[in-house]
Amino acid sequence: FFLSRPPRFGKTLLLSTPMYLFKGGLLNAEVFNGTKIKLNFHYQFSEYTVLQFDLATLGSDTLTAFNALLQTVVGDFLRDYMA
């Protein structure tokens, strides 16, 4: 997902909700305790590995440099995940 919205517009909440659903499922995610979604939604989400990183930390001047940094971040994630 790429979201470009004004500051304080709920981007983090919008993306963290499905992240927590896919990471631990609705019933396993403590962030949903006491919410209507946990009480009323009975679908069991499978658990998936979620790759999450902040593109703002990949500051670069050129597309080539950005691609190299992105490959490094994804490679580090895969290396950690496979270990």
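1. In this predicted model, D76 and R79 both belong to helix α3, where they sit three residues apart, about one turn of the helix. The side chains of these two residues meet in a salt bridge, with a distance of 2.4 Å from N to O, and a search of the whole structure finds one salt bridge.

2. How accessible are the two partners? D76 counts as partly exposed because its relative accessibility is 34%, whereas R79, with a relative accessible area of 54%, is exposed. The cut-off that matters for this reading is 50%, since exposed means over 50% relative accessible area.

3. Turning to the nonpolar surface, L51, F53 and L55 form a patch there, and together they have about 230 Å² of accessible area. One of these residues, F53, is found in the loop between α2 (36-40) and α3 (63-82), and F53 counts as partly exposed because its relative accessibility is 31%.

4. As for the overall fold, the protein has three helices and zero strands, so that, read from the N terminus on, its elements run α-α-α. Among contacts between residues at least 6 apart in sequence, 31% join residues that are at least 24 apart.

5. Which share of the protein counts as buried? Of its 83 residues, 12% do, where buried means under 20% relative accessible area. The protein exposes about 7,000 Å², and carbon and sulfur atoms supply 60% of that area.

Notes:
Residues are numbered from 1 along each chain as its sequence is written. This is a predicted model: local features need pLDDT of at least 70, side-chain atom pairs count only at pLDDT 80 or more; totals for chains, interfaces and linings use all residues. Side-chain values use heavy atoms; hydrogens and water are left out. Patches are made of residues with over 30% relative accessible area and no salt bridge: like charges are joined within 9 Å, nonpolar side chains (Val, Leu, Ile, Met, Phe, Trp, Tyr) within 5 Å. Accessible areas come from the Shrake-Rupley method with a 1.4 Å probe; for residues, only the protein chains shown count as cover. A salt bridge is a side-chain nitrogen of Lys or Arg within 4 Å of a carboxyl oxygen of Asp or Glu. Helices (H or I, at least four residues) and strands (E, at least two) are DSSP runs, numbered from the N terminus. Buried means under 20% relative accessible area, exposed over 50%, partly exposed in between (1.4 Å probe, protein chains only). Contact means heavy atoms within 4.5 Å.
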